[in-house]
Amino acid sequence: MVRNKKSMRNLMGIFKDKASLIKAALSIKRAAATVHVAVLRATTHSPSLPPPPHRISALLSLGRDSRPAAWACVAAILDRLHATRDAYVALKCLITLHHVVAEGSVVLKDQLSFYPSTGGRNFLNMSRFRDKRDPETWELSSWVRWYAAVLERNLTVSRVLGTFISSASRRTNANLRNREELKVLTSADLVGDVDCLVDMVEEICRAPESLEFQRNDLVYEVVNFVGEDYRSTQYRILGRLGELGERIDGLSSGELSELTRILERLEGCRGRLSAVFANKKRNDAFWEVVGETKARAAKLEEERERGMWLVRVGRRREEGESTRYRERVGRPSQVLSLPYSGDWHGVDRVHFHIEPAMA
């Protein structure tokens with residue numbers, strides 16, 4: 001019975017795709033129809049197959065040069081994403097958007113990066129997505145929500161850094177390419193960048209608990225794509241930690257404290273990352289750098305705290321001795337009056353002034 005329901009659902013999805021393609025083809029707005037057809041072909045209702053590479057390439061080529069065409073492509077994908085209640089279609093829309101970020105032209109990326117926010121913090125509006133048709137689509141819905149949140153964080157981090165993180169691991173080693181650019185940043189900016197990049201890592205760690213769903217081809221594609229972003233994030237963290245390591249003696253106490261806190265958060269993600277990526281992206285060398293940098297920052301912060309404590313103790317001691325000295329010097333002379341019997345006529349007492357003893 002369950003198999004029959006899935007077969008019927010798949011058949012209905014095929015009919016929907018056909019009907020949507022016919023409707024788009026009959027549109028009198030040829031340019032918009034071309035974009036709409038390309039989006040439909042990349043995001044069909046088929047339950048498990050990711051968008052075919054040639055469909056993605058065709059879509060990306062439409063927004064390569066013209067800004068209006070690029071806007072139309074991004075708008076069509078987002079409209080498709082927001083209109084569907086099908087978890088498979090939603091995942092394919094998000095994968096297509098991820099391809100835009102990783103491989104699209106500059107004008108195409110710009111349209112997605114600065115797309116206006118509507119409906120709250122998550123401009124992809126997938127935080128309430130639920131496909132309630134069966135237990136499988138219900139669980140896949142959690143992957144849709146997580147993937148949308150990761151993509152949003154991806155765009156947020158990219159805006160902070162001034163470059164897209166998705167394309168770095170595919171094209172060049174951003175850590176090496178941007179080394180000279182990092183040198184002109186202030187230490188506070190570098191610490192802020194690391195904080196932002198760790199936010200990205202923490203978002204990745206919020207993957208659904210149902211990791212066995214990675215056997216699904218769509219989910220496998222999603223996790224693989226996010227894994228590339230994670231590797232790119234590692235490169236960028238390493239670059240900034242390398243620069244901060246060279247400046248660490250000049251960091252302020254506040255910067256050292258903040259850096260230590262951030263790296264503690266990052267180390268707290270290690271176990272979850274191993275589970276999500278099944279130890280495929282362990283990169284022990286990365287974690288060694290993180291641990292060494294954190295230890296150096298914490299040690300230097302402690303030494304400075306101890307140094308300041310000794311200075312404070314010394315100052316209190318000096319102030320205490322100075323106070324006691326002033327009390328002794330400033331104390332009025334004491335007068336001692338003793339009876340006298342001697343040769344001085346009319347003198348019956350002698351008065352002695354006793355000065356305070358000097359320390």
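Me: How many cavities of 30 Å³ or more does the count give?
Reply: Rolling a probe the size of a water molecule over the atoms shows where empty space is left. A cavity here is a set of points on a 1 Å grid, over the protein atoms alone, where a 1.4 Å probe fits but cannot get out. Points are joined across faces, edges and corners. By this rule there are 2 cavities of 30 Å³ or more. This is a predicted model: local features need pLDDT of at least 70, side-chain atom pairs count only at pLDDT 80 or more, and totals for chains, interfaces and linings use all residues. Residues are numbered from 1 along each chain as its sequence is written, and side-chain values use heavy atoms, with hydrogens and water left out.

Me: What volume does the largest cavity have?
Reply: About 50 Å³, where volume is the space filled by probe spheres set on the points.

Me: Which residues line the largest cavity?
Reply: A lining residue has an atom within 4 Å of a point. Here they are Leu97, His98, Val101, Leu112, Phe123, Leu124, Leu151 and Leu155. They divide into 7 nonpolar, 1 polar and no charged. Nonpolar means Ala, Val, Leu, Ile, Met, Phe, Trp, Tyr, Cys and Pro; charged means Asp, Glu, Lys and Arg; the others, Gly among them, are polar.

Me: Which helix gives the largest share of that lining?
Reply: Helices are DSSP runs (H or I, at least four residues), numbered from the N terminus. α5 gives the largest share, 3 residues. α5 and α7 (135–161) each supply at least two.

Me: At what angle do α5 and helix α12 pack?
Reply: Axes are lines fitted to C-alpha atoms over the stretch in contact, and angles run from 0 to 180 degrees between N-to-C directions. α5 and α12 (residues 217–247) pack at about 25 degrees, with axes 11 Å apart. α5 and α12 are therefore roughly parallel. The cut-offs: under 35 degrees is roughly parallel, over 145 roughly antiparallel, 65 to 115 roughly perpendicular, the rest oblique.

Me: Is the crossing of α5 and α12 left-handed or right-handed?
Reply: Left-handed means the near helix is turned anticlockwise from the far one by less than a right angle; clockwise is right-handed. α5 passes α12 in a left-handed crossing. Contact means heavy atoms within 4.5 Å. Tyr88, Leu91, Lys92, Ile95, His98, His99 and Ala102 of α5 meet Leu218, Glu221, Val222, Phe225, Val226 and Asp229 of α12. The contact has 8 nonpolar, 2 polar and 3 charged residues.

Me: How do α4 and α5 cross?
Reply: The axes of α4 (residues 67–83) and α5 come within 9 Å and cross at roughly 155 degrees. That makes α4 roughly antiparallel to α5. This crossing of α4 and α5 is left-handed. Ile77, Leu78, Arg80 and Leu81 of α4 contact Val89, Ala90, Cys93, Leu94, Thr96, Leu97 and Val100 of α5. By class, that is 9 nonpolar, 1 polar and 1 charged.

Me: At what angle do helix α3 and helix α5 pack?
Reply: About 60 degrees, for α3 (residues 53–62) and α5 (residues 87–103), with axes 11 Å apart. That makes α3 oblique to α5. α3 passes α5 in a right-handed crossing. Ile56, Leu59 and Leu60 of α3 meet Thr96, His99, Val100 and Glu103 of α5. The contact has 4 nonpolar, 2 polar and 1 charged residues.

Me: Which residues does Lys294 touch?
Reply: Lys294 sits in helix α15 (residues 284–330). Lys294 touches Thr260, Leu263, Glu264 and Glu267, not counting residues up to four places away in sequence. Leu256 is 38 residues from Lys294 in sequence and 9.0 Å away in space, C-alpha to C-alpha.

How values were computed:
1 Å grid on protein atoms, 1.4 Å probe; cavity = no way out; pocket = protein on both sides within 12 Å on 5 of 7 lines; lining within 4 Å.
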